[in-house]
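Student: I would like to go through the ligand site and then a pocket. Can we start with the ligand?

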Amino acid sequence: MKIKGIGAIVTGAGSGMGMATARMLAQAGARVAFLDINEVGIRAAAAEAGGIALPCNVADPKSLENAIANAISAVGPARILVTCAGVGRMEPLIGRDNAEAYSQMVDTVMVNLIGTLNAVRLVANDLARRPPLEDGSRGAMIMVASGAAFDGVPQSVPYTASKGAVVSMTLALAREFGDLGIRVNTISPGAFDTPMIKAAPKEAWDAIRSTTPYPKRPGVPEEFAALALHICENEFMNGSVLRLDGAHRTGYFSNG
Ligand SMILES: NC(=O)c1ccc[n+]([C@@H]2O[C@H](COP(=O)([O-])OP(=O)(O)OC[C@H]3O[C@@H](n4cnc5c(N)ncnc54)[C@H](O)[C@@H]3O)[C@@H](O)[C@H]2O)c1
């Protein structure tokens, strides 16, 4: 798929990997809608990239539906959807206030899983009504998982569950949308230097460096964005979950 001139929606475009992807798509000539709950982040980034900023909460069905409808009115059919909106937090299951633990667990799943699936559903319904592009395809979607989906990371089981579901959905969505010419892939990042994990203690950063075979550092958002653009352009890439993590795997660590 040629990126120049087509419409794209990026959720989570107010920060980190979503912002880098939205910017890179705009640089490649796409008309990009920046969606995020962080209004300040998307307004600044969209203004700089020549895109449109649409504040929304992906976990709120009405808010997301409005934002996607407005995005399509502004940039045209969303031939590219990248769902970077996400929350990641330590959520131990034991020893916490019951009500708080429950509401955080629901929020994590609502944002990371339902927010992703709902964006995919809304965009796919619109694309199904559009004519295919010159090459016969209708669009490319990229969802975002995490190494946590594979590595059994403790103390973040709701996050792990939400990302594991994104991994599981990938092939099913690619098959469901295959006859429409809509491809669906997932990028599964390892540790990336974004605001999501910036606040991690020095020991955690040291551990990331010492347990990443090569390169011995966290990823940078532009590396994620570059892979997202490649997936959009590579028509044979479909139904895949791609780990992007410098061969890093989270090992077992004790709760104590
Ligand atoms: N940074 C990492 O190490 C890492 C590792 C693996 C996976 N991921 C995943 O990558 C994705 C991007 O994360 P990032 O590292 O760029 O983090 P980030 O915090 O920089 O960006 C996430 C963005 O999502 C937005 N967001 C959160 N909840 C939202 C909601 N309800 N509605 C709309 N927008 C919402 C935030 O405002 C933020 O701008 C996330 O899904 C995250 O789980 C990150």
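Student: Which element gives the largest share of the shell around the ligand?

Tutor: This is a predicted model. With 3 residues, the largest share comes from α7.

Student: Which residues come nearest to the ligand?

Tutor: The shell counts residues with a heavy atom within 4 Å. There are 29 residues around the ligand. Those that come nearest are S15, D36, N57, Y159 and T194.

Student: How far is the polar side-chain atom of Y159 from an oxygen atom of the ligand?

Tutor: A polar contact needs N or O atoms within 3.5 Å. G16 lies 3.4 Å from a ligand oxygen through a backbone N or O atom. A polar backbone atom of C84 is also 3.4 Å from an oxygen of the ligand. For the side chain of Y159, the distance is 2.8 Å.

Student: How many residues of the shell are charged?

Tutor: The shell around the ligand holds 17 nonpolar and 10 polar residues. The charged ones number 2.

Student: Which residues lie nearest the centre of the second largest pocket?

Tutor: This pocket holds about 150 Å³ of space. Its lining has 14 residues. They divide into 6 nonpolar, 5 polar and 3 charged. Nearest the centre lie G219, E223, L244, D245 and G246.

Key
Residues numbered from 1 in each chain as written. Predicted model: local features only at pLDDT ≥ 70, side-chain atom pairs only at ≥ 80, totals over all residues. Heavy atoms only, no water. Polar contact = N/O pair within 3.5 Å; in protein donor to acceptor, adjacent residues only side chain to side chain. Helix = DSSP H or I, 4+ residues; strand = E, 2+ residues; numbered from the N terminus. Nonpolar A, V, L, I, M, F, W, Y, C, P; charged D, E, K, R; others polar. 1 Å grid on protein atoms, 1.4 Å probe; cavity = no way out; pocket = protein on both sides within 12 Å on 5 of 7 lines; lining within 4 Å. Points joined across faces, edges and corners; volume = space filled by probe spheres on them.
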